[in-house]
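Please consult the sequence and the structure alongside the text.

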Amino acid sequence: LAGQCDKLSKADDEWGVSSMALVADTIDKALTELIKEPTKFLDRQFMMKIFDKFKYLEPFNEWWDHAFVSGRKTNTVGKTKVIDRVFVMKELLDAIFDSNDDAIKETDEDVIKLGEQSVITFK
């Protein structure tokens with residue numbers, strides 16, 4: 001949203017650099033909610049809807065769809081074979097929010113605690 005202000009703004013739109021205050025307010029509201037209810041870190045519905053109010057901006061909506069919805073593939077770091085360095089974003093999100101893997105579920109409490117501390121530090 002910040003780096004693409006010029007592409008998001010249209011002549012009939014009021015989006016611009018000053019709109020970053022709306023983004024900051026949105027993030028602040030989400031962080032406040034996460035402090036109140038840290039379990040929301042693992043609430044897919046909550047986390048994935050934080051920026052919904054900006055999806056009326058077509059370029060942002062297209063980016064969001066490409067990044068999180070349509071199964072974008074992303075490179076990761078650490079593996080030597082290129083084929084091993086690619087994961088599908090949907091699979092990652094499913095593993096974070098909807099895993100049936102006991103090993104992943106065992107980390108939920110740690111994720112919540114880390115998230116809570118991060119928000120407190122950031123806010």
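Leaving aside its neighbours within four places in sequence, with which residues is lysine 40 in contact? The contacts of lysine 40 are Glu33, Leu34, Phe46 and Met47, once neighbours within four places in sequence are left aside. The model is a predicted one. The topics below run from the overall fold to individual residues.

**Overall fold**

- The protein chain contains 7 helices and 2 strands, and along the sequence these elements follow the pattern α-α-α-α-β-β-α-α-α.
- Of the 123 residues in the protein chain, 25% count as buried.
- Among contacts in the protein chain with a separation of 6 or more, 51% come from residues 24 or more positions apart.

**Nonpolar cores**

- The largest nonpolar core consists of 12 residues: Cys5, Leu8, Trp15, Val23, Met48, Phe54, Leu57, Phe60, Trp64, Met89, Leu93 and Phe97.
- At least two residues of this core are supplied by each of helix 1, helix 4 and helix 5, and helix 5 gives the most, with 3 residues.
- Another core lies apart from this one; it has 7 residues, including Ala30, Leu31, Leu34 and Phe46.

**Helix 5**

- Helix 5 spans residues 89-97, and its buried residues are Met89, Leu93 and Phe97.
- Viewed down the axis of helix 5, these buried residues fall within an arc of 50°, and they therefore line one face of the helix.

**Aromatic pairs**

- A pair of aromatic rings is described by the distance of the centres and the angle of the planes.
- The structure holds 7 aromatic pairs.
- In one of them, the ring centres of tryptophan 15 and phenylalanine 54 are 5.6 Å apart and the planes stand at 70°, so the arrangement is edge-to-face.
- This pair links distant parts of the chain, 39 residues apart: tryptophan 15 belongs to the loop between helix 1 (5-8) and helix 2 (20-36), and phenylalanine 54 to the loop between helix 3 (44-48) and helix 4 (58-69).
- Tryptophan 15 counts as buried because its relative accessibility is 3%, and phenylalanine 54 is buried with a relative accessible area of 2%.
- Phenylalanine 60 and tryptophan 64 form a tilted aromatic pair, with 6.0 Å from centre to centre and 45° between the planes.
- Because phenylalanine 60 and tryptophan 64 are 4 residues apart in helix 4, about one helical turn separates them.
- Phenylalanine 60 and tryptophan 64 are both buried.
- One aromatic cluster is formed by Phe60, Trp63, Trp64 and Phe68.
- Leaving aside its neighbours within four places in sequence, phenylalanine 60 is in contact with Leu1, Leu8, Phe51, Phe54 and Lys55.

**Buried loop residues**

- Lysine 40 is located in the loop between helix 2 and helix 3, and lysine 40 counts as buried because its relative accessibility is 16%, under the 20% cut-off.
- Glycine 16 lies in the loop between helix 1 and helix 2, and glycine 16 is buried, with a relative accessible area of 17%.
- Between glycine 16 and glutamine 4 the C-alpha to C-alpha distance is 9.3 Å, while in sequence the two residues are 12 residues apart.

Technical notes: Residues are numbered from 1 along each chain as its sequence is written. This is a predicted model: local features need pLDDT of at least 70, side-chain atom pairs count only at pLDDT 80 or more; totals for chains, interfaces and linings use all residues. Side-chain values use heavy atoms; hydrogens and water are left out. Buried means under 20% relative accessible area, exposed over 50%, partly exposed in between (1.4 Å probe, protein chains only). The arc is that of the directions from the helix axis to the C-beta atoms. Rings of Phe, Tyr and Trp (its six-membered ring) pair if their centres lie within 6.5 Å; planes under 30 degrees apart count as stacked, over 60 as edge-to-face and the rest as tilted. Contact means heavy atoms within 4.5 Å. A nonpolar core is a set of buried Ala, Val, Leu, Ile, Met, Phe, Trp, Tyr and Cys residues joined through side-chain atoms within 4.5 Å.
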